Amino acid sequence: MKELLLNVLDEIGIAIDDNERNTDFDLSEFFIDSIQFISFIVEVEKRIGFELPDEFLFIEQYRSFNALCNALTDISENEKYVGKEV
C-alpha cells in the first residue's frame, strides 16, 4: 500500500524525497488545500478499485502517512467496501 500511495503522490506532482519515504511523515505538509487532497483520494480509489468511506475525505483523519497506509490496508481487506466500485 505504501508504494501505491507514493506512486499516486508522485503522479499528482507531490514529490516525497527519499529520506521521508522511509519515515512516517505528515501528509498535510504536502497538500496545498483540501481539493488537492481529495484529488489524491479519488486517484487512490481508482487504483484500489473501490470507493472509500467519507472519513477518508478529511486529511485531519489521516495526517500520518503510515496511519493512512494502515487504514487503507485494513479497509481493502473488508469485503463490505471492496464491492463498491468507484
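Predicted model: local features only at pLDDT ≥ 70, side-chain atom pairs only at ≥ 80, totals over all residues.
Residues are numbered from 1 along each chain as its sequence is written, and side-chain values use heavy atoms, with hydrogens and water left out.

A few terms, quickly. Buried means under 20% relative accessible area, exposed means over 50%, and partly exposed is in between, with a 1.4 Å probe and protein chains only. Helices are DSSP runs of H or I with at least four residues, strands are runs of E with at least two, and both are numbered from the N terminus. When I say contact or touch, I mean heavy atoms within 4.5 Å.

How confident is the predictor? pLDDT is its confidence in each residue, from 0 to 100. The chain averages 88, and 91% of the residues score at least 70. Confidence is highest in α1, at 95, and lowest in helix α5 (residues 79-82), at a mean of 60.

Back to α1. Which of its residues are buried? They are L5, L6, V8 and L9. Looking down the axis of α1, these buried residues fall within an arc of 160°, so they line one face of the helix; the arc is taken from the directions from the helix axis to the C-beta atoms. On the face turned away from that buried side sit the exposed residues E3 and E11. After α1 comes G13, with a positive phi near 90°.

Now the inside. A nonpolar core here is a set of buried Ala, Val, Leu, Ile, Met, Phe, Trp, Tyr and Cys residues joined through side-chain atoms within 4.5 Å. The largest one has 26 residues, and L9, F40 and L52 touch the most other members. Two or more residues come from each of α1 (2-11), α3 (34-48) and α4 (65-76), with α4 giving the most, six residues. Leaving out residues up to four places away in sequence, L52 touches I41, V44, E45, L72 and I75.

Next, the aromatic rings. Rings of Phe, Tyr and Trp (its six-membered ring) pair if their centres lie within 6.5 Å; planes under 30 degrees apart count as stacked, over 60 as edge-to-face, and the rest as tilted. That rule gives six aromatic pairs. In one of them, F31 and F37 have ring centres 5.2 Å apart and planes at 85°, so this pair is edge-to-face. In another, the centres of F37 and F40 are 6.0 Å apart and the planes are at 40°, so that pair is tilted. F37 and F40 are three residues apart in helix α3, which puts about one helical turn between them. F37 is buried at 2% relative accessibility, and F40 is buried at 0%. Beyond its neighbours up to four places away, F37 touches F31, F56, L57, F58 and I59. There is also an aromatic cluster formed by F25, F30 and F65.

Leaving aside neighbours within four places in sequence, Q36 is in contact with I14, F30 and F31.

Methods: pLDDT = per-residue confidence, 0-100.
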